[in-house]
Amino acid sequence: MIRSMLFIPGNSPSMLQNADIHRADALILDLEDAVSPDQKDAARVLVRRAVQALGFAGCKLIVRINPVDTAYCEEDIRAMVPLKPHMIMPTKVGCPETVQAVSAMVGEAEAASGIPRGAVGLIPLIETCEGIENALAIARADPRVKALFLGAEDLTSDMRAKRTKAGQEIGYSRAKIVSCARAAGVEVYDTPFTDVNDEEGIEADTALAKSMGFTGKASISPRHVPVINRLFSPTPEEIEYAWEVLDIIEEARRQGKGAISLRGKMIDKPIVDRARFVLQMAKMLGGEGV
C-alpha cells in the first residue's frame, strides 16, 4: 500500500543518499522537471548507481521519466527498467496512445533485461486539460497502468488559472481523476502541497484529498511525509468502528435479519465494504485487521 510518495531530484547525490530515511512509502526518482537538460545523462547514471548501491529497502521505487516526445524518454526507460522499479511515471500524458507507446518501450526494455513482461507498472502523470478529460481512457489504456497521478502545477498553467493553496481551481480535476481511476479499477494519487512551511495547509490539503477518495498523496518535502502517512492511515476510532460493523453484521446473520442498525444508523453493503477496507489497510500497516 502506498500512502505517501516523496519526490527526489535525480541529480542530487545527497538527497538520493538519504532518500529512504524519511519513511515515505514510495520514492519518486525524478529525471524530468528537477533536472536541467544539460544534466539529464548525468542524472540517469546517478539514479542508476544509487539504486544499485543503496537499494532503498522498504520503499517502492517510481521513476518519473521525460515526456515521450523528447529525446530523453527512451534512454530513461532503457536505463531504469533493468532496475525493476515498482512503476515508471510517464509525464504530460494527454491520451491513451502515449501510455501505449511508453508501455511498448518498457516491454522492449524488460525483454532485453530478462525481466518478466509486465513486471514494471505505469503511473501516468495527468497534468494537462486534455489529460483530465481523457483520464478514463488513459487509466484503461494498458494493463501496466496501476494508478493515476494528478499534477496540478502544469495543469493550472494549462488552464490559465492561478494555483492557490485552497485549491478550488483544481476541484473539478481532482474529482474527475478519482472517479476515472476508480471506474478503471486503479489507484489514484493527489498532487503535492508546495508550501513547505505551511503546516496547517498540508494538514488541510491532505485531509481534503483523503475525503475525495485519493489513495494517497505526493510530496516535495520530507516534512510533509508524516502528515500524509498519518491522515491516510486508519485511526484507532475507525478501526474500532469497522470491527463493530463486522460484528453486528455477523449478529444479524445469526438472527436471520436482513437489516440491522449500529449507533442509530442502518448498516448496508457500502458501510460493510468500507469497514472491510479499513481493516485490510490496518493489517497491511501492521495493525489489527481482517
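## A first look at this protein chain

Let's start with charge: the protein chain carries 35 positive and 40 negative side chains, and the centres of these two sets sit 4 Å apart. Keep in mind that you are looking at a predicted model.

Next, the overall build. The protein chain contains 12 helices and 11 strands. Its radius of gyration is 20 Å, close to the 19 Å that the globule rule gives for 290 residues, so the chain is as compact as a globular protein of that length. If you draw a box around the C-alpha atoms along the principal axes, you get roughly 70 × 45 × 35 Å.

| What is counted | Share |
|---|---|
| Buried residues, out of the 290 residues of the protein chain | 50% |
| Contacts between residues 24 or more positions apart, out of contacts with a separation of 6 or more | 70% |
| Accessible surface belonging to carbon and sulfur atoms, out of about 13,700 Å² | 53% |

Now zoom in on a pair of strands. How do β2 and β3 run, parallel or antiparallel? Strand β2, which covers residues 26-30, runs parallel to β3, and 5 bridges join the two. Within this pair, Asp-30 stands opposite Arg-64 of β3.

And is strand β3 mostly covered or mostly open? Spanning residues 60-64, β3 is mostly covered, with 4 of its 5 residues buried. Buried here means that under 20% of a residue's relative accessible area is left. By that cut-off, 50% of the residues in the whole protein chain count as buried too.

Terms used. Residues numbered from 1 in each chain as written. Predicted model: local features only at pLDDT ≥ 70, side-chain atom pairs only at ≥ 80, totals over all residues. Heavy atoms only, no water. Rg over C-alpha atoms; globule rule 2.2 N^0.38 Å. Buried < 20%, exposed > 50% of the residue type's maximum accessible area, 1.4 Å probe, protein only. Contact = heavy atoms within 4.5 Å. Areas by Shrake-Rupley, 256 points an atom, 1.4 Å probe, with all protein chains shown as cover. Lys, Arg positive; Asp, Glu negative; His and termini not counted. Charge placed at Lys NZ, Arg CZ, Asp CG, Glu CD. Pairing = 2+ DSSP bridges.
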